[in-house]
Amino acid sequence: RGLSLWRWSTHPNYLGEGLFWFGTFLAGMVSLVVHYFSSDSFVTEFVWQAAMMVLGFGFICKVLQGAIESLDAKQLEKYGHLTEYVKFRQNHGTFGKKWIKQKEKDIVFEDINGNEISVETASR
């Protein structure tokens, strides 16, 4: 409780890692654009390097997504019976608090093996 990062984000460690890689990607793209416009580089070289950077960043995002989904399934198995956890998951997405209110509904999660687990809405 209190001012901890977990109050605002489901996975603050993955959020931080994602922001780090996004910053690295952004800095690399800026550097690439500046280099392209300040030299006699060929367009194909620029496009090739930009494409590799986009693919690399996409791969990192996919790895983070898989890690988050795995951790979510483990947390559900461990804490899914707790009303407080269910309420937290209703109000928080992967990287932070949901600012748009959603209609109440039953929550359905998947465990590690891909089996659906239905958790009745805690506020009922």
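This is a predicted model: local features need pLDDT of at least 70, side-chain atom pairs count only at pLDDT 80 or more; totals for chains, interfaces and linings use all residues.
## Overall fold

The protein has three helices and two strands. Along the sequence they run in the pattern α-α-α-β-β. Helix H1 covers residues 12–37. Helix H2 covers residues 43–79. Helix H3 covers residues 83–91.

The chain has 124 residues, and 23% of them count as buried.

## Histidine 11, ahead of helix H1

Histidine 11 sits in the segment before helix H1. Is histidine 11 buried or exposed? Its relative accessibility is 1%, so histidine 11 counts as buried; the cut-off for buried is under 20%.

Which residues touch histidine 11, once neighbours within four places in sequence are set aside? They are Ile68, Leu71, Asp72, Gln75 and Thr94. One of these contacts, Asp72, returns below as a salt-bridge partner.

Three residues of helix H3 are buried: Tyr85, Val86 and Arg89. They span an arc of only 100 degrees around the axis, so they lie on the same side of H3. The helix repeat gives the background: an α-helix has 3.6 residues a turn, so residues three or four places apart point the same way.

Side chains of opposite charge can pair when their charged atoms come close. In this model the count is one salt bridge. Arginine 89 pairs with aspartate 72, and their closest N and O atoms are 3.0 Å apart. Arginine 89 belongs to helix H3 and aspartate 72 to helix H2, so the bridge ties together parts 17 residues apart in sequence. Both arginine 89 and aspartate 72 are buried.

Leucine 64 is part of helix H2. With a relative accessibility of 8%, leucine 64 counts as buried. Beyond its neighbours within four places in sequence, leucine 64 contacts Tyr14, Glu17 and Gly18.

Glycine 18 is 46 residues from leucine 64 along the chain.

## Aromatic pairs

The whole structure holds six aromatic pairs. Among them is phenylalanine 20 with tryptophan 21. Their ring centres are 5.0 Å apart and their planes meet at 75 degrees, so this pair is edge-to-face; the cut-off for that class is over 60 degrees. Tryptophan 21 is partly exposed, at 31% relative accessibility.

Tyrosine 36 and phenylalanine 46 make a tilted pair, with 4.8 Å from centre to centre and 35 degrees between the planes. This pair links distant parts of the chain, 10 residues apart: tyrosine 36 is in helix H1 and phenylalanine 46 in helix H2. Tyrosine 36 is buried at 19% relative accessible area. Phenylalanine 46 is partly exposed at 22%. The cut-off for buried, under 20%, falls between these two values. Ring pairs also join Phe22, Phe25 and Phe57 into a cluster.

## Histidine 35

Histidine 35 lies in helix H1. At 40% relative accessibility, histidine 35 is partly exposed. Where does histidine 35 stand relative to phenylalanine 46? Their C-alpha atoms are 9.2 Å apart, and the two residues are 11 apart along the chain.

## A nonpolar surface patch

Which residues form the nonpolar patch on the surface? They are Phe22, Leu26, Val30 and Val34, and together they have about 360 Å² of accessible area. Phe22 also belongs to the ring cluster with Phe25 and Phe57.

Leucine 26 is in helix H1. Leucine 26 has a relative accessible area of 44%, so it counts as partly exposed.

Terms used. Residues are numbered from 1 along each chain as its sequence is written. Side-chain values use heavy atoms; hydrogens and water are left out. Helices (H or I, at least four residues) and strands (E, at least two) are DSSP runs, numbered from the N terminus. Buried means under 20% relative accessible area, exposed over 50%, partly exposed in between (1.4 Å probe, protein chains only). The arc is that of the directions from the helix axis to the C-beta atoms. Contact means heavy atoms within 4.5 Å. Rings of Phe, Tyr and Trp (its six-membered ring) pair if their centres lie within 6.5 Å; planes under 30 degrees apart count as stacked, over 60 as edge-to-face and the rest as tilted. Patches are made of residues with over 30% relative accessible area and no salt bridge: like charges are joined within 9 Å, nonpolar side chains (Val, Leu, Ile, Met, Phe, Trp, Tyr) within 5 Å. Accessible areas come from the Shrake-Rupley method with a 1.4 Å probe; for residues, only the protein chains shown count as cover. A salt bridge is a side-chain nitrogen of Lys or Arg within 4 Å of a carboxyl oxygen of Asp or Glu.
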